[in-house]
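Colleague: I'm new to this one. Can you put it up and walk me through it?

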Amino acid sequence: MSTMLRLSNTLSGKTEDFRPFDGKLVGMYSCGPTVYDYGHIGNFRTFVFVDLLRRFLRQSGYKLNHVMNITDVDDKIIRNAAQHKLSVRDYAIKYEDAFLEDMKTLNLQQPEHLVRATDYIQQMAQFIAQLEKRGFAYRTEDGSYYFRIAKFPEYGKLSKKDFAGMEAGARVDVDEYEKDDARDFALWKSPKPGEAFWETEIGPGRPGWHIECSVMAREFLGDSFDIHLGGEDLIFPHHENEIAQSESLTGKAMAHFWVHSRFLLVEGEKMSKSLGNFYTLRDLLLMGHKASSIRYLLASVPYTRQLNFTFDGLKQAAQSVDRLRNFKLRLQTGKFPQGSNPKFAQLAEQTRLKMRAGLEDDMNTSVALAAVFDMVREVNASADAGEIKQDDVAPLLAVLDSFDEIFDVIRDGDNEKTRAAMEWARSVGKISPEQAAALEHSLSDEQVEALIAERNQAKRSRDFSKSDEIRNQLSDAGIVLEDTKDGVRWKRK
Ligand SMILES: [Zn+2]
């Protein structure tokens, strides 16, 4: 294993060398979505970071056992389902499906285990029963269960909070609460009238949010595993509570590394519905932004820094992606003289090493991106000067491939993703008349290729009105044709 990856560990407060317990297999758990609404870009900042780390670990030769939960029962889901007069399941599945589609839109790899909380309710009840037997949990009169934090003196070790003065026995029963609200938290909630519940060995009810992750992590990764991931908003109370539940039961460290991505701001401000700067991934696609630009922007700032998401930044991200795609196209389609110049194989190797060194240094994506763009600049200048030879192309393309194994923005699927978002918007009545018209005119890559072939045929048979008609149809769909000596090239405006 050649890697010397270092990661910021919230638990130790230090940046540490990462080595999996097992040497080869990395066990990791990342907190997944609570499927009560469409995912917003703050959520996706964390999911993109987790994806980059996954891909880098794999590129480094590790095997992964990555678990991510889907929280399909919690306070918000129950509230929203009731408002929409739907069962919890019927309500949650819609947003679970949407989340899985959004993952594809952003080229997020599927974890080895993507697990639903409601499929592990009995295991959660068993876990709580064991906590109760050891005195870490107690039952209240209404049949709910709480974790007794006074029994776990290490409480606060992740969030570095001192809870010495807190009142013993005070309780909090909501899933999410304020930072100073350190009280006994709900493990199991007895059903209120009309609420969804499950029959279990500890009685009827439903799990609290925190116990879900402790149980599902243990099911798939055992008592201790390598990395636990999430956004920094989960440090307290969610991850602090996961540690309390799991470690009081097993007596072992739940995870070696606790790694958190920092907040995302929008135009310098905290994203909130009341400020009007709250964006789901789908909002951005419908505004005409490409999936690749969004992924690029979310990946471009290292997870250890706050990310200020701006529309200017999104525009620049689109330009950066275009530069990479054009560069690759130039290497693939350019006519270069025979031979090679050893300088370019060296440049390719140096770039590969710099990208790797950046990512090994606490997943510093901005260093990796700078390395690849330095290479693009230098090779473009050399190509303009006629210095690139045929045999220089392969090593340069190999570096781009290795870059895209992690960043995955060069591969182009943007048009299909935008069309899918617009189809979705039409199906839920969220489409504007302009978007509906654009969707009407839009063409898939295959349709474009077929029309170009048809136009070539028309030109060969000197049917110029037909060939002009096709050109106009393509132009209405935002397709630009360039007639070159090697044939027709096309791109999207
Ligand atoms: Zn969690």
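**Strands, domains and helices**

Colleague: Let's start in the strands. Which residue of β4 does Met-28 stand opposite?

Modeller: Met-28 stands opposite His-66 in β4. A strand here is a DSSP run of E with at least two residues, a helix is a run of H or I with at least four, and both are numbered from the N terminus. This is a predicted model, where local features need pLDDT of at least 70, side-chain atom pairs count only at pLDDT 80 or more, and totals for chains, interfaces and linings use all residues. Residue numbers start from 1 along each chain, as its sequence is written.

Colleague: How many bridges join β3 to β4?

Modeller: Six bridges join β3 (residues 25-30) to β4 (residues 63-70), and the two run parallel. Strands count as paired if DSSP finds at least two bridges between them.

Colleague: What sheet are they in, and in what order?

Modeller: An open sheet of five strands, ordered β5-β4-β3-β11-β12, with parallel pairing. β5 (113-116) and β12 (255-261) are at the edges with a single partner strand each, so one side of each has no neighbour in the sheet. Neighbouring strands are turned by 20 degrees against each other on average, direction ignored.

Colleague: What about the sheet with β13 in it?

Modeller: That open sheet has three strands, in the order β14-β13-β15, and its pairing is mixed. Three bridges join β13 (residues 264-266) to β15, and these run parallel. Leu-265 has Asn-308 in β15 as its bridge partner.

Colleague: Switching topic. Which domains is the chain divided into?

Modeller: Domain 1 (6-261), domain 2 (281-406) and domain 3 (414-492). The bounds come from an automatic or database domain assignment. Taken over C-alpha atoms, the centres of domain 1 and domain 3 are separated by 46 Å.

Colleague: And helices? At what angle do α8 and α9 pack?

Modeller: About 105 degrees, with the axes of α8 (residues 291-300) and α9 (residues 311-333) 8 Å apart. Axes are lines fitted to C-alpha atoms, for helices over the stretch in contact, and angles run from 0 to 180 degrees between N-to-C directions. The two helices are therefore roughly perpendicular, a label for 65 to 115 degrees.

Colleague: One more. How many residues does α15 have?

Modeller: α15 (residues 445-460) has 16 residues. From first C-alpha to last, α15 reaches 23 Å, close to the 22 Å expected at 1.5 Å a residue. The expected span is 1.5 Å times one less than the number of residues. Just after α15, Arg-462 takes a positive phi of about 55 degrees.

Conventions. Angles under 35 degrees count as roughly parallel, over 145 as roughly antiparallel, 65 to 115 as roughly perpendicular and the rest as oblique.
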